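Here is a short report on one protein chain. Please keep the sequence and the model in view while reading.

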Amino acid sequence: ILPTSNVIVGGLSSGADFAVQYQVAFSSEVIGSVIDAGQPYRCATTRFANDTLQPVSAEVPICEGCPSGTTIAYDHCKVSGGNSIVDVLLL
């Protein structure tokens, strides 16, 4: 039987994204996390000022702040040299 308190989560890239989601969802149980190349919580679905819009796709079916029928690029928070500037106040 695994303990349900004092949990530490970690991940790399998309695994780090999952670890962040787990940490937020189960914050009462998680005492620490190791996030390497992961996105901030809610970054994947939040539109920022310079994001380029595209038609809704299965990769990003939900976009907070996008006009109806549009979405943002997949992994827009991780794209090096992209248009995105992550505004942490929107997260």
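## Aromatic residues and disulfides

Phenylalanine 18 counts as exposed, at 58% relative accessibility. This is a predicted model. Tyrosine 22 has a relative accessible area of 24% and is partly exposed. The rings of tyrosine 22 and phenylalanine 26 are tilted, because their planes stand at 35° with the centres 4.6 Å apart. Phenylalanine 26 is also partly exposed, with a relative accessible area of 38%.

What separates phenylalanine 18 and tyrosine 22 in helix H1? The helix covers residues 14-25, and these two are four residues apart, so about one helical turn lies between them. The count of aromatic pairs comes to two. Phenylalanine 18 and tyrosine 22 make a tilted pair, 6.4 Å centre to centre with 45° between the planes. Phe18, Tyr22 and Phe26 form one aromatic cluster.

Now the cysteines. Two disulfides are found in the whole structure.

| Disulfide | S to S | Torsion about S-S | Hand |
|---|---|---|---|
| Cysteine 43 to cysteine 77 | 1.8 Å | about -100° | left-handed |
| Cysteine 63 to cysteine 66 | 1.8 Å | 50° | right-handed |

Which parts of the chain does the pair of cysteine 43 and cysteine 77 tie together? Cysteine 43 sits in the loop between strand E2 (30-36) and strand E3 (54-55). Cysteine 77 belongs to the segment after strand E4 (70-71), so the link ties parts that are 34 residues apart in sequence. Are these two cysteines buried or exposed? Cysteine 43 and cysteine 77 are both buried. Cysteine 63 and cysteine 66 are both buried as well. With the bonded cysteines numbered in sequence order, the pairing reads 1-4, 2-3.

Next, the chain as a whole. The secondary structure comes to one helix and four strands. Along the sequence these follow the pattern β-α-β-β-β. The C-alpha trace spans about 45 × 25 × 25 Å along its principal axes.

How much of the chain is buried? Of the 91 residues, 22% are buried. The accessible surface of the chain comes to about 6,000 Å². Carbon and sulfur atoms hold 58% of that surface. Among contacts with a separation of 6 or more, 42% are between residues 24 or more positions apart.

Definitions and conventions. Residues numbered from 1 in each chain as written. Predicted model: local features only at pLDDT ≥ 70, side-chain atom pairs only at ≥ 80, totals over all residues. Heavy atoms only, no water. Buried < 20%, exposed > 50% of the residue type's maximum accessible area, 1.4 Å probe, protein only. Contact = heavy atoms within 4.5 Å. Areas by Shrake-Rupley, 256 points an atom, 1.4 Å probe, with all protein chains shown as cover. Disulfide = S-S within 2.5 Å. Phe/Tyr/Trp six-rings, centres within 6.5 Å; stacked < 30°, edge-to-face > 60°.
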